[in-house]
Amino acid sequence: MPRNLSHFLLKDLGRAFPFRTKTGGGGKKPSDVLDRAGHAQALLQALDRLPDVTAGGLPGVYLEVLGRPNEPLTKDSLGSSGIELLRTDTKSSDEGSTETATVFATARGVEKLRKKIAEFETENTNDREKDGEIIPGRPKNANLVQSLAAITEAGLRALWRGPQTKFPSDKGAVHWEIWLDPDKAEAFVASAVDYHVVVNTDRLRFPEDVVVVGYATQEHLALAVRRLGGVRALAAPAVTAEFFDALDVVEQAAWVEELGDRTSYLGALDGGYVTLLDTGVSRAHPLIAPVLPAQDRHAADPAWGLEDIKGHGTQLAGLALFGDLISVLYTAEPVFVSHRLESVKLLPDAGRNPHHLLGAVTRQAIDTVEQSVRRRTFTLAVTTDEDTPHDGAPTSWSTEVDQLAAGVSGKRSDPRLILVSAGNTNNFTFTGGQYLDTCDHADNELESPAQAWNVISVGAYTEKTMVPADEGVAAVAPHGDLSPSSRTASWSSTWPLKPDIVLEGGNWAVGAAPPPMRHGYLSLLTTNHTYPQRSFSFTHDTSAATAIAAKQITELWSDYPLLWPESVRALYVGSARWTPQMRSHLPPNPNKGSYARLFQRYGYGVPDLERARRSASNALTMIVQDVITPYGISAESGDDVHKEMRVFTLPWPVEELRKLGTANVTLRVALSSFVAPNPSEASRGSRYRYASHNLRFKLNRAGEGAQQFMARISKAVEAVGPQVEEDDLWEYGSDRRDVGSLHIDQLTCKASDLARRNLLAVHPVAGWWKSKSRLREEEPEVRFALVVEIDAHGIEADLYTEIETSVATMNAAQVITI
């Protein structure tokens, strides 16, 4: 058995022990006969066998303290400075009952306990006089030390909150409810993956605990607990969507009332809005009504009613406000909703919109709601399979959505932030074998209009894999992988990488034979449109994922309201990362081409709202909002030419980077702009003829001066198609990066090399605006957002001050005529 899981047990020595001990209730009774010195030495030897906290770099050590049979354990004395009492228990046997305590002791706490035991062995308290009689002093710390029968390093069972019969018997990976110290929770979550412990994104917050659900083997979790600390208890995850859905009407309403009482709706009328283009939203639900006034419900067709008859829009509304309701119901903490809702009915209550009118209806829906000027996150969880297969090429609907995002369609000319779901698979098409093979098949390609360039396309992954043990079913997708309902992009690199991101969309369960089916344990929980008949509803798939994305993006934008839609897109999608399970599909030594499958399934991965917020407020991230004139007419030749590029001198903390020398740092760049589309038949096979403009970014190489850098960019500007470049250490490469209107890549290099790579250029390549006939009318300007992050892997504190100073004195970008 590995040392970290071993227990060091003591046995009573049964030797003479010439003193008595106090017991509970104030009375006295003879103690077990013990040898004072032998008992103390046995306890000290147990402490000697514990891991060396200081030398091992451990935060402390978990101890299981065993009391003496049928005697109270002096627990209060254990909870002293440096020792935290975590839990107590009583074990029964034929010999009687025995109390146990689980504590966490820092190095200081272990030494204080050692000192108390040593004093017990050799020192007495002072004699005292009572009724004229001298009463000899007792051994110091006698109440504590003589109540101890054994001290062991605690295993996972010592932290288990529930009945020991519920402790996982499976040696493979299982779900664990992990109770964390609030001050140490984020550090544990951030480092747990290094020990193969995958932690779900949801958090339950209680006054003295933060609860997360982890997925790991016993061995991996034990190692993480030992090395990281911060864990106060373990339990079996118990609450699922099934639990709340199974409640009767009165019980469901009581849960809603309780949640409503501790929810504060902070969204001001001039704040951020999630605008749902769907089946309508019911205002009857008390969790929705406070942020959806009657005047904020609309319909694309004035003849349609405003109520949600089908229920889909109300489901999305609950997710857009609260996320998966499971996490907020199962906590006592206050809940804050920082944004508001708008609803536009896009789908009729009966029948469906004619295919050829889908773009027009979407435009009409947006025109209807934009009678007032607000900061909106448009959320479209409606797609069509009538355009399949499109192989990533534009359709009439996706093109109109691109136009609306770019602000070249609709009554208003402002750019818009639009989210679109990837579309869902059909579970009856799944047979035996690896489910990902079915998801990856061309028949399950992303549905229109999710291939639109300017939108954030949202697919689904899942962390829901726990199913009832007695039903004979298993979850289809493993923890952290693609939800089986999520469609993927099967096309080549000509068209944009889609989906952009994935978020929780639930899982399916499969029994002895296909097809897999939805299951309450594997679903999300949200609001029901029939309230008060039912308060809660199961929800799933890419629609649910899109609503959660809308919630996160609107919260981010509300924190930084001056950001453009292009900037919010770059910041949010740029925060996404692949889970360890997703990365497990890569070969051992991946090259740039190895990432193609990951992009087609997961886009850039799972967004991290906290990472996006840190990036928005952190001097180690540079956010640029700028304008460029990409094309013009040469005064000399009269030809259409590339006109401008922007060159930024990055405010690197050069001195601190040089001090780091060969230590690795990671640079991540996101470039975002909205293109005006041209879907003509001649443009369908060319990204350069579909997009009004195409922008690229380039970074100078270590040792490459400004003049050499400009010369290299000039060659890239004139080229059409993916470029065969020297290896610049970019992880994804131009085939993955230089498609669509959002470009993200990262590189990891020595800090001393990054200090010399401080020139970043944004330059145009071909687009349909680059034509003499177009440019004679005007030379259009293009907005773009640039997000540049530097990750120094835990040593940011030294870099922050210098880069903050550099940003404060940074000049505007150099505008260079090409």
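**Strand pairing, helix packing and burial**

Reader: Which residue of β5 does Leu63 stand opposite?

Author: Leu63 faces Val103 in β5. This is a predicted model, in which local features need pLDDT of at least 70, side-chain atom pairs count only at pLDDT 80 or more, and totals for chains, interfaces and linings use all residues. Residues are numbered from 1 along each chain as its sequence is written, and side-chain values use heavy atoms, with hydrogens and water left out.

Reader: What makes strand β3 and β5 a pair?

Author: Pairing requires that DSSP finds at least two bridges between two strands. Strand β3 (residues 61–67) and β5 have 6 bridges, in the antiparallel sense, and therefore count as paired. Strand β4 (residues 83–93) is also antiparallel to β5, with 10 bridges; Thr90 has Glu99 as its bridge partner there. A hairpin is formed by β4 and β5, with 2 residues between them.

Reader: Why is strand β5 described as largely enclosed?

Author: A residue is buried under 20% relative accessible area, exposed over 50% and partly exposed in between (1.4 Å probe, protein chains only). In β5 (residues 96–105), 8 of the 10 residues are buried, so the strand is largely enclosed by the rest of the structure. Across the protein chain, 56% of the 818 residues are buried.

Reader: Why does Val335 count as buried?

Author: Its relative accessibility is 11%, which falls under the cut-off for burial. Val335 belongs to strand β17 (residues 335–337). Leaving aside neighbours within four places in sequence, Val335 is in contact (heavy atoms within 4.5 Å) with Leu259, Arg262, Thr263, Ser264, Phe322 and Val328. Leu259 is 76 residues from Val335 in sequence, while their C-alpha atoms are 8.0 Å apart.

Reader: Why is α13 called roughly parallel to α17?

Author: Helix α13 (residues 541–559) and helix α17 (residues 609–617) pack at about 20 degrees, with their axes 10 Å apart. Angles under 35 degrees count as roughly parallel, which makes α13 roughly parallel to α17. The crossing of α13 past α17 is right-handed. On α13 the contact is made by Gln552, Glu555, Leu556 and Asp559, and on α17 by Leu609, Ala612 and Arg613. By class, this contact has 3 nonpolar, 1 polar and 3 charged residues.

Reader: Why do β29 and β35 stand at the edges of their sheet?

Author: The open sheet has 4 strands in the order β29-β37-β33-β35, with antiparallel pairing. Each of β29 (621–628) and β35 (742–750) has a single partner strand, so one side of each lacks a neighbour in the sheet. From one strand to the next, the twist averages 15 degrees.

Reader: How many bridges show that strand β33 and β35 pair?

Author: There are 9 bridges between strand β33 (residues 664–672) and β35, in the antiparallel sense. Thr666 stands opposite Thr748 in β35. Helix α14 (residues 565–574) lies across β29, β33, β35 and β37 (782–791), and runs at about 30 degrees to β37.

Reader: How many helices and strands does the protein chain have?

Author: The protein chain has 24 helices and 38 strands. These are DSSP runs, helices (H or I) of at least four residues and strands (E) of at least two, numbered from the N terminus. Of the contacts between residues at least 6 apart in sequence, 78% join residues at least 24 apart.

Definitions and conventions: Axes fitted to C-alpha atoms, helices over the stretch in contact; angles between N-to-C directions. Parallel < 35°, antiparallel > 145°, perpendicular 65-115°, else oblique. Left-handed = near helix turned anticlockwise from the far one by under 90°. Nonpolar A, V, L, I, M, F, W, Y, C, P; charged D, E, K, R; others polar.
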